[in-house]
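Biologist: I have the sequence and the coordinates open. Can we go through the fold by question and answer?

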Amino acid sequence: MNNSQGSLYRNRARLLTAHAEFLAITAARYHALAQRVGPRFNRRGQLVRPGQKLPFTLDNYRIWIREQCLGSEQGTTRCEYCYWPLDIHTLVLDHRTPLSQGGSLDFGNLAVACKPCNDQKGQMRAEAFMHLRKLVNNPQLFSELDRTDCLGRLQSALKLAIKQRSCFEHPNPERVIPHVRTPKNLHND
Ligand SMILES: [Zn+2]
């Protein structure tokens, strides 16, 4: 094998590895999303939440991701909120209108984002998050230090709010304290 043949094989091997990686990453994310929105069962196999079926197949999902990354599996794109450059390894998908607020599962409601923006946005709508970003990034209002502090506080407030809401509005049936059989109710059975 001469030198040029060697580099041809090495390039081909690298492309095949990148393709296999693309297939593995997209499959894992697609199935994670399907599971997150799909029906939920408790430990006894009873339906707890009917859930929704993804309105696109894994193949459609891969085509859509490729389109976002300049038509290539190894292409790049940018975070819709902060314009940070991203690729298949670093991008995350965000629902512009959160599913909890009636947002659709369709591609039309999907935004490519970086993980920090996705975490900060939480259950906010995209427009509200962009307004907040504009406000917090205004150098006349906030210094760099204030900004970090503000974002940190907002994130912890958001986590707390989500935790409280999930406790009061959506009690998790699996979290109900197991019924303890005391000698008294043993006799009632
Ligand atoms: Zn971002």
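Biologist: Which elements do the buried residues of H2 pack against?

Modeller: This is a predicted model, in which local features need pLDDT of at least 70, side-chain atom pairs count only at pLDDT 80 or more, and totals for chains, interfaces and linings use all residues. Residues are numbered from 1 along each chain as its sequence is written. Helices (H or I, at least four residues) and strands (E, at least two) are DSSP runs, numbered from the N terminus. With contact taken as C-beta atoms, placed from the backbone, within 7 Å, the buried residues of H2 pack against H1, strand E3 (77-78) and strand E6 (110-113).

Biologist: Which residues of H2 are buried, and where do they fall, seen down the helix axis?

Modeller: A residue is buried if 20 or more other C-beta atoms lie within 10 Å of its own, exposed if 12 or fewer, and partly exposed in between, with C-beta atoms placed from the backbone. In H2 the buried ones are Tyr61, Ile65 and Gln68. The arc uses the directions from the helix axis to the C-beta atoms. The buried residues of H2 line one face of the helix, because they fall within an arc of 55°.

Biologist: Is Asparagine 60 buried or partly exposed?

Modeller: Asparagine 60 lies in helix H2. It has 13 other C-beta atoms within 10 Å, so it is partly exposed.

Biologist: How far is asparagine 60 from phenylalanine 107 in space?

Modeller: The two are 47 residues apart in sequence. From C-alpha to C-alpha, asparagine 60 and phenylalanine 107 are apart in space by 9.8 Å.

Biologist: How many residues make up the largest nonpolar core?

Modeller: A nonpolar core is a set of buried Ala, Val, Leu, Ile, Met, Phe, Trp, Tyr and Cys residues joined through C-beta atoms within 7 Å. The largest one includes Phe22, Tyr30, Tyr61 and Ile65. H1 and helix H2 (58-68) are the elements that give two or more residues to this core.

Biologist: How many residues of H1 are buried?

Modeller: Helix H1 (residues 3-37) reaches 51 Å from its first C-alpha to its last, close to the 51 Å expected at 1.5 Å a residue, the expected span being 1.5 Å times one less than its number of residues. H1 is hardly covered: among its 35 residues, the count of buried ones is two.

Note on methods: Two residues are in contact if their C-beta atoms, placed from the backbone, lie within 7 Å.
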